[in-house]
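Morning, everyone. I have one structure to show today, and I'll keep it brief.

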Amino acid sequence: MLCALPDWDRAESQLELFLSFSPPRHQITEAVDDLEDLQRAVPVDARRLIAILGRLREALERD
(Lines give C-alpha, C1' and ligand atoms only; values in the text may rest on other atoms or scores of the structure.)
Protein backbone atom coordinates (compact mmCIF):
# COMPACT_ATOMS: atom_id res chain seq x y z
CA MET A 1 0.00 0.00 0.00
CA LEU A 2 1.43 3.33 -1.02
CA CYS A 3 0.35 5.04 2.20
CA ALA A 4 2.56 2.69 4.20
CA LEU A 5 5.67 3.48 2.17
CA PRO A 6 4.79 6.53 2.50
CA ASP A 7 4.35 7.65 -1.09
CA TRP A 8 1.50 10.09 -0.52
CA ASP A 9 1.53 11.73 -3.94
CA ARG A 10 1.22 8.39 -5.71
CA ALA A 11 -1.35 7.21 -3.17
CA GLU A 12 -3.53 10.24 -3.87
CA SER A 13 -3.10 9.80 -7.61
CA GLN A 14 -4.08 6.12 -7.38
CA LEU A 15 -7.05 7.04 -5.20
CA GLU A 16 -8.36 9.42 -7.85
CA LEU A 17 -7.86 6.79 -10.53
CA PHE A 18 -9.68 4.20 -8.39
CA LEU A 19 -12.61 6.56 -7.81
CA SER A 20 -12.77 7.52 -11.50
CA PHE A 21 -13.87 3.96 -12.29
CA SER A 22 -16.91 4.31 -9.98
CA PRO A 23 -15.99 1.25 -7.92
CA PRO A 24 -18.73 -0.70 -6.17
CA ARG A 25 -19.56 0.35 -2.62
CA HIS A 26 -18.01 -2.79 -1.12
CA GLN A 27 -14.61 -2.00 -2.68
CA ILE A 28 -14.63 1.51 -1.26
CA THR A 29 -15.62 0.14 2.15
CA GLU A 30 -12.76 -2.39 1.97
CA ALA A 31 -10.31 0.41 1.17
CA VAL A 32 -11.55 2.44 4.16
CA ASP A 33 -11.23 -0.60 6.43
CA ASP A 34 -7.73 -1.35 5.14
CA LEU A 35 -6.57 2.22 5.69
CA GLU A 36 -8.02 2.30 9.19
CA ASP A 37 -6.14 -0.95 9.93
CA LEU A 38 -2.96 0.61 8.53
CA GLN A 39 -3.40 3.65 10.76
CA ARG A 40 -3.53 1.39 13.83
CA ALA A 41 -0.63 -0.81 12.70
CA VAL A 42 2.10 1.62 11.64
CA PRO A 43 2.91 5.28 12.16
CA VAL A 44 1.67 7.27 9.18
CA ASP A 45 1.09 10.95 8.44
CA ALA A 46 -2.36 11.29 9.99
CA ARG A 47 -3.17 14.48 8.08
CA ARG A 48 -2.54 12.84 4.71
CA LEU A 49 -4.33 9.63 5.65
CA ILE A 50 -7.37 11.51 6.96
CA ALA A 51 -7.59 13.37 3.64
CA ILE A 52 -7.58 10.09 1.70
CA LEU A 53 -10.13 8.53 4.05
CA GLY A 54 -12.27 11.64 3.62
CA ARG A 55 -12.31 11.25 -0.17
CA LEU A 56 -13.32 7.61 0.16
CA ARG A 57 -16.08 8.44 2.64
CA GLU A 58 -17.36 11.17 0.32
CA ALA A 59 -17.62 8.57 -2.43
CA LEU A 60 -19.61 6.32 -0.09
CA GLU A 61 -22.03 9.15 0.69
CA ARG A 62 -22.71 9.73 -3.00
CA ASP A 63 -23.98 6.18 -3.40
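Start in the middle, with the largest nonpolar core. There are 17 residues in this core. The members that touch the most others are Cys-3, Leu-19, Ile-28, Leu-35, Leu-49, Ile-52 and Leu-56. Helices H1, H2 and H3 each put in at least two residues. Which helix gives the largest share of this core? That's H3, with six residues. As a general point, nonpolar side chains in soluble globular proteins tend to be buried together.

A word on what you're looking at: this is a predicted model.

Now the overall layout. The protein chain has three helices and zero strands. Along the sequence the pattern reads α-α-α. The C-alpha atoms fill a box of roughly 30 × 20 × 15 Å along the principal axes. For 63 residues, a compact globule would come out near 11 Å, and the protein chain has 11 Å, so the two agree. Buried residues account for 30% of the 63. Next, contacts between residues at least 6 apart in sequence: 67% of them join residues at least 24 apart.

On to H3, residues 46–62. It has 17 residues, which at 1.5 Å each should span 24 Å; the end C-alpha atoms are 24 Å apart, so that agrees. Which residues of H3 are buried? Arg-48, Leu-49, Ile-52, Leu-53, Leu-56, Ala-59 and Leu-60. Note the arginine in that list. Looking down the axis of H3, the buried residues fall within an arc of 130°, so they line one face. Part of their cover comes from H1, residues 8–20, and H2, residues 25–41. Turn to the face away from the buried side, and you find Arg-47, Ile-50, Glu-61 and Arg-62 exposed. One detail at the start of H3: a side-chain oxygen of Asp-45 comes to within 3.2 Å of the backbone nitrogen of Arg-47.

H2 next. Its 17 residues should span 24 Å at 1.5 Å a residue, and the end C-alpha atoms are 24 Å apart, which agrees. Buried here are Ile-28, Ala-31, Val-32, Leu-35 and Leu-38. Down the axis of H2 they fall within an arc of 125°, so they line one face of the helix. Their cover includes H1 and H3. The face turned away carries Arg-40 and Ala-41, both exposed.

That's my tour. Thanks, everyone.

Key:
Residues numbered from 1 in each chain as written. Predicted model: local features only at pLDDT ≥ 70, side-chain atom pairs only at ≥ 80, totals over all residues. Heavy atoms only, no water. Helix = DSSP H or I, 4+ residues; strand = E, 2+ residues; numbered from the N terminus. Expected span 1.5 Å × (residues − 1). Buried < 20%, exposed > 50% of the residue type's maximum accessible area, 1.4 Å probe, protein only. Arc of directions from axis to C-beta. Contact = heavy atoms within 4.5 Å. Polar contact = N/O pair within 3.5 Å; in protein donor to acceptor, adjacent residues only side chain to side chain. Core = buried A, V, L, I, M, F, W, Y, C linked by side-chain atoms within 4.5 Å. Rg over C-alpha atoms; globule rule 2.2 N^0.38 Å.
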